[in-house]
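Here are my notes on the model you sent. Please read them with the structure open.

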Amino acid sequence: MDNSKKPNISKKKKEQLSKNILETLKKKKECEKKALDIVIELIDGGLEEADLLNKLHSINPSYYEDVVEERFILKQCGYVMCKKKLEYIPNQKYKISLALKKVYDISERKKFCSNICFKSSKYLQNQLLTTPLWLREKDAVPTFKLLNIHTEEDIASHLHTKPDGHTKSSTPLITIPTPSDTKTDLEEQLNNLSSLNIKN
């Protein structure tokens, strides 16, 4: 049996494999460049709704988080469809709701000018695909939508939240005791709050 052809077959396979790897790397680089260009556009803002929705297929939640963070650094509302500046940015990480007797982490919320923008941004981000950008050509392009809300009551009815902006998924860090609770219980819960080390 003639074995002289075997090395040629192996060489062809290696060449094809190398070619496929190079094409994949090239595609990956192109997709990442496109995503970064979109990030810059979203940071600048001013996009029409249709234009924004067409671009969402080319980014992932991580890129969107970068947009929110960069807009926040520029003191712009983190929601890409909002043109408002952030006039007041709280320094604290937590907010106490006396009405609900709970303490909430507001690290993400303070990057937005309102609860409406915060919820709208999260709604948009949750629709983004998580598959690698360079493998999306064969994926069906989903229909992205903006959250159509105008008031705090709309938020509550759409997301089943209370009008103060706290969703069911928001977990309070502590529950503030009522006046009927003992002073010791209050001190213990406040000590627990100060010792918490929560990561987002």
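1. Start with the hairpin. This is a predicted model. Strand 1 and strand 2 form a hairpin, and four residues lie between them. Lys101 sits in the turn and has a positive phi of about 60°. Most residues other than glycine have a negative phi.

2. Strand 2 covers residues 102-105, and four bridges join strand 2 to strand 1. Ile96 stands opposite Val103, which belongs to strand 2. In a regular strand the side chains alternate between the two faces of the sheet. Please look at the pair Ile96 and Val103 with that in mind.

3. Phi of Lys75 is positive, near 60°, and Lys75 is not a glycine. Lys75 lies in the loop that runs between helix 3 (61-73) and strand 1 (94-97).

4. Is Lys110 buried or exposed? Lys110 is placed in the loop between strand 2 and helix 4 (115-125). Its relative accessible area is 19%. Buried means under 20%, so Lys110 counts as buried. The value is 19%, so please treat the label with that cut-off in view.

5. What is Lys110 in contact with, leaving aside neighbours within four places in sequence? The partners are Phe72, Leu86, Ile89, Pro90, Asn91 and Gln92.

6. Now the surface. Leu17, Ile21, Leu22 and Leu25 form a nonpolar patch there. Together they have about 420 Å² of accessible area. Leu17 belongs to helix 1, residues 6-44. Leu17 has 52% relative accessibility, and exposed means over 50%, so Leu17 counts as exposed.

7. Next, the overall layout. The protein chain has six helices and two strands. From the N terminus on, the order of elements is α-α-α-β-β-α-α-α.

8. Last, the totals for the chain. Of its 200 residues, 32% count as buried. The protein chain exposes about 13,800 Å², and carbon and sulfur atoms supply 53% of that area. Take the contacts in the protein chain with a separation of 6 or more: residues 24 or more positions apart account for 63% of them.

Notes
Residues numbered from 1 in each chain as written. Predicted model: local features only at pLDDT ≥ 70, side-chain atom pairs only at ≥ 80, totals over all residues. Heavy atoms only, no water. Patch = residues over 30% accessible without salt bridge, like charges linked within 9 Å, V, L, I, M, F, W, Y side chains within 5 Å. Areas by Shrake-Rupley, 256 points an atom, 1.4 Å probe, with all protein chains shown as cover. Salt bridge = Lys/Arg side-chain N within 4 Å of Asp/Glu carboxyl O. Buried < 20%, exposed > 50% of the residue type's maximum accessible area, 1.4 Å probe, protein only. Pairing = 2+ DSSP bridges. Contact = heavy atoms within 4.5 Å.
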